[in-house]
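Here is a short exchange about one protein model. It moves from the whole chain to local detail.

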Amino acid sequence: MMKVDLHTHSVYSGGSDTPAELMRKAKDAGLSAVALTDYCSLEGLEEAAAAAAELGLEFVPGVELPGRLSRYETELRLLGFFFDPDYAPLRTLIESAKTETPTVGQTASLIREAGGLVAMADPRACGISGMALDGKSFFYVNPLETNPAALGRDQRVDHVKGVRQKWFG
């Protein structure tokens, strides 16, 4: 099993390290792969990807976004991975989410439209683990000891491989 962390933050969203410093610390901690999931920010993705490549780490492009879940009167934090960072509707949502919380469905749909995968940052915090909130399944990311095969069914793994071509060639 490889050691990964799929939920990290840099100086662009309350973390103390630049994206490059974060990648160095991940490498020093013995991780094989790391995602940068800054809150409502894509600013550090290019720096993190370059640093990870230099260090021999597998980089997972990500973002953490809010999602309003009206029926439970709560807000969730969703993680998006392997999306197209240039997809204009997603960029617009990221900017607007800084001041107004979109619904879970809006956030998840735009991440998927951009070719990405959606995860709940911590569904257990709301007591709703395992629910399909918008009629599609979500997966929960357990950082540090994640088996890549745990991403789900074969078609999800195939989808990830296809989307990863944009990032890893």
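The questions below start with the model's basis and then turn to the chain.

Author: This is a predicted model: local features need pLDDT of at least 70, side-chain atom pairs count only at pLDDT 80 or more, and totals for chains, interfaces and linings use all residues. Residues are numbered from 1 along each chain as its sequence is written, and side-chain values use heavy atoms, with hydrogens and water left out.

Reader: What pattern does the protein chain follow along the sequence?

Author: Helices (H or I, at least four residues) and strands (E, at least two) are DSSP runs, numbered from the N terminus. The protein chain has five helices and six strands. Read along the sequence, the pattern is β-α-β-α-β-β-α-α-β-β-α.

Reader: Is Asp 17 buried or exposed?

Author: Asp 17 sits in the loop between strand E1 (4–5) and helix H1 (19–28). Buried means under 20% relative accessible area, exposed over 50%, partly exposed in between (1.4 Å probe, protein chains only). At a relative accessible area of 12%, Asp 17 is buried.

Reader: Which side chain joins that of Asp 17 in a polar contact of 3.0 Å?

Author: A polar contact is a pair of N or O atoms within 3.5 Å; within protein, one must be able to donate a hydrogen and the other to accept it, and residues adjacent in sequence count only if both atoms are side-chain atoms. The partner at 3.0 Å is Lys 25.

Reader: At roughly what angle do the axes of helix H3 and helix H4 cross?

Author: Axes are lines fitted to C-alpha atoms, for helices over the stretch in contact (heavy atoms within 4.5 Å). Angles run from 0 to 180 degrees between N-to-C directions. The axes of H3 (residues 88–96) and H4 (residues 104–113) come within 9 Å and cross at roughly 145°.
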